[in-house]
Amino acid sequence: MSTNHDLVITGARVVTPDGVHDGGVAVSGERIATIFAAGSAPTGERTIDAGGRYLLPGLIDSHVHFRTPGLTHKEDWAHGSRAAAAGGVTTVIDMPNTEPPLVEPEAAADKAALVAGHSLVDYRFHMGVTVDSVENLRRLEPRQATTVKVFMTGHHTAPNIIRDPVVLDRIFAIAAEHGIRLVLHAEDDGVFSLIDESQEPPAGYDAYESAHPRSGGIVASSRVIDLVRKYGTAAHILHVSSSEESDMLKAANRIGLPITYEVTPHHLSFSAPDTQRLGARIRLRPAIRCLKDQGRLWEAVMDGGVATIGSDHAPHTKEEKVLAVADAPPGLPGTQEMLLALHTGMRRRYPEMPQDEVMVRIARVAAERPAELFGLTARKGRIAVGLDADFSVFDPDTTWIMSAEHAQAKVGWSAYEGWTFTGRPELTVRRGEIVYDGREETPRFGTPTGIWLDAERPVLPDPVPSEHATAVPPPPPAQPRAAESAADTDRVRL
Ligand SMILES: [Zn+2]
């Protein structure tokens, strides 16, 4: 091979969808130019010997709250993207519940302009929807977003909660017509309101779970399944927390409904007894549940029921997190810890599993499947020739104790302080540039040249033509869209 590449990684265990191979990759510009076998490395401007460590595809964290605009006292893109890069993440998809929330399709470009020059990692946005902005979904272009986040519960004063079943119906109908995937916080607000009206707010964190019980998630997930049956809408349910929801959604997926679901590292890592010690740090929505649920969620990760792992990186300041139980806001930083928690958990729970298989499974749920669901397969999600050179060099055997000084999130704390992690990303490369180098005592970060990615419109099942179709407002006169025919030939597996 005569070409001189920009960056060559040698001595690696390269993690690809069809297994792990000894060798390395050569990067030209922003893309992977070659994957080579051990002993046949091409020359490069810069060569890094991975020393037998894994080359893991750059993770896609499809669930982050980087809090821009309006809430930047909690997090911003400089810190959030450093946390991501330090955790082997090279692409994030940011949530719309900012101030103001992202609900106008045209505002996606304005948000991208705010982020430009601040992010180490590449990014996309989930669009938001409020009761008053439902019609906006009809003009949403794939460039702006291919996904819409629906909050079925949330803070009582939040304007973006969809409580009215008629409105929810309309959102599902329009999403099906326009090829939009819904991503949902599926807990039933009615269930929680009923409990709130009937009892005093919980005095301690140990009572928090029973005030935000699994029944909220079960009721809402069941409604989502009904709506998907009715309209054929593609729905991805976020942060599933209970065994009942996981089992039900897995069954819905396996009978062919276009339903998938996400599990977070914190629901895989913490269970109810931890609330005694960690208090508000793990006051979350959905709540942390019991050990049985945690075990069942792990099973669903391992049997392919869970489609994606997303961090739900949603930081709040220490000052906010020491408020009284009823006032401390739910959420924690997590994008940096996602790979660490997933790898450590898998190693401990499945000690007999070959290390190569652990890595392939992590790549599947945290890179490959998110790329498929969110229209990014043309450039992200796998280590493959022609795709973006996004990867981390991962040491699977180092054990170390996480402390606050490791935390890159702006709020400077982690729910995992004191945890012994197994494994550590040493180097993260995004489109050929080193964005994180943790090989020395003090980590170094690259330049914030992350870009707003384009995405293919995920091709979704045909909307269900049924007697129900008359139950929703008729769509406006059909406007042919250029993107549609291209999308038809570019089917994304659900
Ligand atoms: Zn979230």
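Which domains does the domain assignment of the protein give? In this predicted model, the assignment gives domain 1, covering residues 5-52, and domain 2, which is made up of the segments 59-376 and 397-418. The C-alpha centres of domain 1 and domain 2 are separated by 33 Å, and the contact between them involves four residues of domain 1 and five residues of domain 2. On the side of domain 1 that touches domain 2, three residues are nonpolar and one is polar, while none is charged.

The C-alpha trace extends over about 65 × 55 × 40 Å along its principal axes, and 52% of the 494 residues are buried. Of the contacts between residues at least 6 apart in sequence, 76% join residues that are at least 24 apart.

In soluble globular proteins, nonpolar side chains tend to be buried together. In the present model, the largest nonpolar core contains 130 residues, and those with the most contacts inside this core are Leu55, Leu184 and Ala366. The element that gives the most to this core is helix 13 (residues 355-373), which provides eight residues; the core also draws at least three residues from each of domain 1 and domain 2. When residues up to four places away in sequence are not counted, leucine 184 touches Val150, Met152, Val224, Ala235, Ile237 and Leu238.

Tyrosine 54 is placed in strand 5, which comprises residues 54-57. This residue counts as buried because 24 C-beta neighbours lie inside 10 Å, the threshold for a buried residue being 20 or more. Leaving aside neighbours within four places in sequence, tyrosine 54 is in contact with Ala12, Arg13 and Val15, and also with Met359, Phe394 and Pro396. Asparagine 4, by comparison, is 50 residues from tyrosine 54 in sequence, and the C-alpha to C-alpha distance between the two is 23 Å.

Helix 1 spans residues 77-86, and nine of its 10 residues are buried, so this helix is largely enclosed by the rest of the structure. The buried residues of helix 1 are Trp77, His79, Gly80, Ser81 and Arg82, together with Ala83, Ala84, Ala85 and Ala86. Just after helix 1, glycine 88 adopts a positive phi of about 80°.

A positive phi is also found in the hairpin of strand 2 and strand 3, where two residues lie between the strands and glycine 29 takes a value near 60°. Strand 2 (residues 19-28) and strand 3 (residues 31-37) run antiparallel and are joined by six bridges, and within this pairing the bridge partner of serine 28 is arginine 31 in strand 3.

Key: Residues are numbered from 1 along each chain as its sequence is written. This is a predicted model: local features need pLDDT of at least 70, side-chain atom pairs count only at pLDDT 80 or more; totals for chains, interfaces and linings use all residues. A residue is buried if 20 or more other C-beta atoms lie within 10 Å of its own, exposed if 12 or fewer, and partly exposed in between; C-beta atoms are placed from the backbone. Helices (H or I, at least four residues) and strands (E, at least two) are DSSP runs, numbered from the N terminus. Domain bounds come from an automatic or database domain assignment. Two residues are in contact if their C-beta atoms, placed from the backbone, lie within 7 Å. Ala, Val, Leu, Ile, Met, Phe, Trp, Tyr, Cys and Pro count as nonpolar, Asp, Glu, Lys and Arg as charged, and the others, Gly among them, as polar. A nonpolar core is a set of buried Ala, Val, Leu, Ile, Met, Phe, Trp, Tyr and Cys residues joined through C-beta atoms within 7 Å. Two strands pair if DSSP finds at least two bridges between them.
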